Amino acid sequence: MSLLGWSLVLLPGTVLGAVLATLWITSISIAALGVGIPLTLLATVLVRWFADLHRQWAADRLGEPVPARPYQPTPDAGWPVRLWTILRDPTTWRDWIWLVVNSITIWLSCGLSLLFFLFGVVYLTYPLIYQLTPSQVFRTPMGEGFRLHSVAQSFWLVPLGPVFLLLWYVTAVRLANLNARVIRALLGPTEQARLRARVQQLATSRAETVDTQAGELRRIERDLHDGAQARLVSLGMSLGLAEQLLPNDPQAVQQLLAEARESTSRALTELRDLVRGIHPPVLADRGLDGALKALALVNPIPTTVVTRLPGRLPAPIESAAYFAVAEALSNAIKHAQAQQIRITVEFAPHRGGAAGELTMLVSDDGRGGASIDSGTGLRGIVRRLAAFDGTLTVDSPPGGPTEVRMSLPCVS
Amino acid sequence: MRVVIAEDLALLREGLIRILRANSFEVVEAVDNGPALIRSLTTHRPDVAIVDVRLPPTFTDEGLRSAIEARRQIPGLPIMVLSQYVEQIYARELMSDRAGAVGYLLKDRVTDVDQFVASVRQVATGSTVMDPDVVSALLTHRSTDPKLLELSPREHEVLTLMAEGRSNAAIAARMFVTEKTVSNHSNSIFTKLGLKPSEDDNRRILAVLAYLEG
């Protein structure tokens, strides 16, 4: 039904489009006269607004996110410069082509759809229309060769109503999608613009990854330097002193040796924690499935883990997924005041081939109110996942429950 | 006491051999990979096996898997597993056959030679010894369990030491109380946890751990 409404909006829209196209062409052609310049700028603003409305509609229709406006930024300079930028932007001309094409395709898609619907309604109520309208109108529904003489005869046409309505019902969505595709093809960003945006995004995520890794390395270096390394030095000192004292003071030596042993034990604990932070051994041993189960086991809040994985995944994916889930889990433990936590990890292969999508769901029955903007925890996960083109969404109304949904594309 | 060692790092293997020999164990064989471990255990049938979790050829948990496999072939074979880190999931797997006589310790516990040797002997004689890290993780992380919340701090302490494989006498010495007090505490623990008391140390610990496994 909403499609019918859209038909009614989009169809008159083409009239406006045609007006705009004319206005535009006229203003460009008189741009040389001077008055054309502000007129062109005005027309451009209107056309772009009009095109944006259609982009939005097409995106809603196709269920795909609206790409950023594909226009080149207009410099904040004099009117001639701005006009020149607009005229040089290929998108400007694609908009114009779209205005022309649109005024035809809309009639084919929305118009046809609307026509089917109207026919359906008209035929369904034909006897009524026949009765209500003055004679000579609606007497020849199919041309001169088929003339109706009475209300009873007009009932013959009623079955055509459902046929047209069915036709409308079957084709409406397809025609609307076709229309949306035409709009997307002409108004969406060009391949070049898409690539430019992709390169931009990759550059950002790479910069973040490099930053994060450099930070990690600094932390590891600091931990080793202040921790294990220092303890080994103190161990050496204790042993050296013990060696020196051995002949004279066996009691002090015993004390020193005990201290030395304590030092090694501390150093080992620190190294162990460090290794866990870099790559948890259980993840190396057992993969994502085993590591998550081990994680749930030492968790103060009862946690169920459900995994559907086709064996081991590529190591970087396993690691990213593990840390993302671990972080989301510790967030839930720290802030949610939950009674139950549930972790679901699922791998959905793409058709044919080993590539696919790993989705991770961490949900709790806590108090909700989590958001990416509020804490550093979720933001950290977003950055970690972004390096793999992964995404994170949070559904956490105040009062709960909270659901953190993460996804990681896996290419192999 | 005859012992088989499986450890792939030569330095640590030699260190273990030295410690055990100095404490009058007979090291019948020291191997450095999983398949060799199973072969050695089935051939020599030692009193106890000391096994590193991570062994070649996979360098993951080959040692653990081989030990569990060997135990399937020789039921009740006492096994002491050493690891750079402890995971509850591995502790569970080790005890899954419920035939007792397992040990699971962090590698650095070896540096306390007396305690380590005592632990190996305990496992060889049929006790279960869990690393304090495993036990404390079990106790603290499950502390929301109503049954565990009923335990007094003293009982908590006794339960921890018990799970580490210590005898009542050792627990008494450690806590500066009499053996009678320890035995009273343990009876009270069994009642609160709903477990039937038993004189058998090994079964006692297995029962406690089985409860903690949930």
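Predicted model: local features only at pLDDT ≥ 70, side-chain atom pairs only at ≥ 80, totals over all residues.
## Basis

Local features need pLDDT of at least 70 and side-chain atom pairs pLDDT 80 or more, while totals for chains, interfaces and linings use all residues. Residues are numbered from 1 along each chain as written, chains are lettered from A in the order written, and side-chain values use heavy atoms, without hydrogens or water.

## Strand β1 of chain B

Strand β1(B) spans residues 2-6, and four of its five residues are buried (under 20% relative accessible area, 1.4 Å probe, protein chains only). Strands are DSSP runs of E, at least two residues; helices are runs of H or I, at least four.

β1(B) pairs in parallel with β2(B), residues 26-31, over five bridges. Pairing requires at least two DSSP bridges. β1(B) also runs parallel to β3(B), residues 48-52, with four bridges. Ile5(B) has bridge partners in both: Ala30(B) in β2(B) and Ile50(B) in β3(B).

## Interface of chains A and B

The contact (heavy atoms within 4.5 Å) takes 18 residues from chain A and 22 from chain B. In chain A, Asp285(A), Arg286(A) and Leu297(A) lose the most area to chain B, together 36% of what that side buries. Area here is accessible area lost on being put together, with a 1.4 Å probe.

Five salt bridges cross the interface (Lys or Arg side-chain nitrogen within 4 Å of an Asp or Glu carboxyl oxygen). Glu93(B) and Arg286(A) meet in a salt bridge at 2.7 Å, N to O. α10(A) gives the most to chain A's side, with nine residues.

How values were computed:
Buried < 20%, exposed > 50% of the residue type's maximum accessible area, 1.4 Å probe, protein only. Buried area = accessible area lost by both parts, 1.4 Å probe.
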